[in-house]
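Please work through the exercises below with the sequence and the structure at hand. Each task is followed by a solution in steps.

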Number of protein chains: 2
Amino acid sequence: MTRISPDDVHAAARRLAGVAHRTPVLRSRTLDERVGATVLLKAEGYQRTGSFKFRGAFNRISAIPQADTARGVVAWSSGNHAQAVALAAALRGAPATIVMPEDAPASKVAATQGYGAEIVRYDRYHEDREEVGRKLVAEQGLTDVPPYDHPLIMAGQGTAALELVQEAGRLDVLLVCVGGGGLIAGCATAVKGLHPDTRVIGVEPAAGDDVKRSLEAGERVRIPIPRTIADGQQVDVPGALTFPVIRDLVDEIRLATDSQIVDAMRFLFERMKVVAEPSGACALAALLADPEPFGGLRVGVTLSGANVGVDRFVELLGPDPP
Amino acid sequence: MTRISPDDVHAAARRLAGVAHRTPVLRSRTLDERVGATVLLKAEGYQRTGSFKFRGAFNRISAIPQADTARGVVAWSSGNHAQAVALAAALRGAPATIVMPEDAPASKVAATQGYGAEIVRYDRYHEDREEVGRKLVAEQGLTDVPPYDHPLIMAGQGTAALELVQEAGRLDVLLVCVGGGGLIAGCATAVKGLHPDTRVIGVEPAAGDDVKRSLEAGERVRIPIPRTIADGQQVDVPGALTFPVIRDLVDEIRLATDSQIVDAMRFLFERMKVVAEPSGACALAALLADPEPFGGLRVGVTLSGANVGVDRFVELLGPDPP
């Protein structure tokens, strides 16, 4: 039984106290007027390493027995999870190995190395990254830190919603972006534990609607790797452990197109002076694109991350978008 | 006698309580490591209307006698001061008239109208904007709200530094961007009133060094309107009232080039997920470009505003900068 409980999220919050940032809850009169609701943005871009991923990574790594901690941890990721694991491991005194493709962006490699992690490269045309990682687990006794499919990862991510409700009070609705499902599984568990009648809505990129399809099918459905600017949500199938939680607790899935995501990034930049990466703006994008069902409600929204370089931002929002 | 005292800043803080935002003081490990100091950023981009200007405008307008308030206020500006006056007037129930050139950007006109102000256009090739404004003062009995050269404006702007020191404690140095000088006059008054040994350093765009030259000359020196991306600091001469305060209280003027300002905007975006307009990043730019004198110190820095649209940001930071 790997379903998580609200108590697991509270336990994670205790482990993260004084280590993770309590990220700000942002408000905007302009946003409230535009949506016709009271909107509360949980700004995880201001979390350590620039996304919510630090919460789960630290929660998982701090539960590893001492002897295993000394041998180290491994993760396979070239995204936000890589930096989160690198920093969380460093804070726990665990050597971290991150498996990244040979052609990973230099900036992501440098950021991850900057937290003290060792990078192991693989050829993504001829090798499987999970296989490379599993070999390190088997041969060197490293502990793997999966990006979402683990009870401690889910529980850690849920602390974002717990903090939001502790600070802002009861919500009518919570909108959460969905990639592998770790964030929404934890957040739904936390929020429903406090207020069972709060609706939890997941938001996927329109091109990557694997969770929506899976809920409709009643089982995990695999889709082709989605083409979307929301690189944190390029997931082809819901997690084996996150899916049952989502099926039980999430009320609805909405979709946001790439152009709606860009609109939300622009709104955040110009009206709220806040940087969001595409996946970070995905949940807000769905709200801005179709605010009508939310009129008059108290709506929580996760802004999940802000790791977008200026050059990529210019590509996405400049005069010649991709 | 129009010199302001620390008491004037405290009085302004009382008027602004519950009306202006207490903007956040931002920290960054990366920034501290790069500068080799403890750096505390006062993020006025999160002030109402997106810049510190709201502080002075509200302080000034709330001191206008009731009968004059009902007749209304006037300001000549197409920048941050215009929006600040428009909102402050609306909150005090004063009709606001803003004099703007016929070719002012539509976005600035719309933002100012959005706060309920009436826009009066003038032809900037054939008319003088101050003359247009003064005529409204004379004929309609409007009260003018100058952008910096007024004791209540200076005192209001000084509340930014007062809040910074109240929250962060004593500073060794405070770096403040300088345009007309209202912000630095108020901030220097506030900070020196609390800690006379805190050094206050003004930062001008390299192309617009009128305050630096004036201090060297011992009197106000007029320069050609500077060509710089820092449009909030395109001022050709220090204010008649701000200059004596700067001369008495400011320890040093530093300069930042346009390319240093762009570097600081990029740093804020990528490492701190914060939007700054060029003038807003000017003080930080000088610190990043020459951190050596600040090693080991507690350094406060004003980020004065964040009113830059995505399109302008892309122009400035994209592959083909102006």
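**Exercise 1: a sheet in chain B**

Task: State which residue in β5(B) is the bridge partner of Thr97(B), and describe the sheet around the pair.

Solution. The bridge partner of Thr97(B) in β5(B) is Glu118(B). Helix α7 (residues 129-140) of chain B packs on the sheet and touches β3 (73-76), β4, β5 and β6 of chain B, where contact means heavy atoms within 4.5 Å. The direction of α7(B) makes about 175° with that of β3(B); axes are lines fitted to C-alpha atoms, for helices over the stretch in contact, and angles run from 0 to 180 degrees between N-to-C directions. Next, strand β4 (residues 96-101) of chain B pairs with β5(B) in the parallel sense over 5 bridges; two strands pair if DSSP finds at least two bridges between them. Helices (H or I, at least four residues) and strands (E, at least two) are DSSP runs, numbered from the N terminus. Finally, the open sheet has 4 strands in the order β5-β4-β3-β6 (chain B), with parallel pairing. β5 (118-122) and β6 (143-144) of chain B each have a single partner strand, so one side of each lacks a neighbour in the sheet.

The model is predicted: local features need pLDDT of at least 70, side-chain atom pairs count only at pLDDT 80 or more, and totals for chains, interfaces and linings use all residues. Residues are numbered from 1 along each chain as its sequence is written, chains are lettered from A and ligands numbered from 1 in the order in which they are written, and side-chain values use heavy atoms, with hydrogens and water left out.

**Exercise 2: a sheet in chain A**

Task: Identify the residue in β2(A) that stands opposite Val25(A).

Solution. Lys42(A) stands opposite Val25(A). β1(A) and strand β2 (residues 38-43) of chain A pair in the antiparallel sense over 2 bridges.
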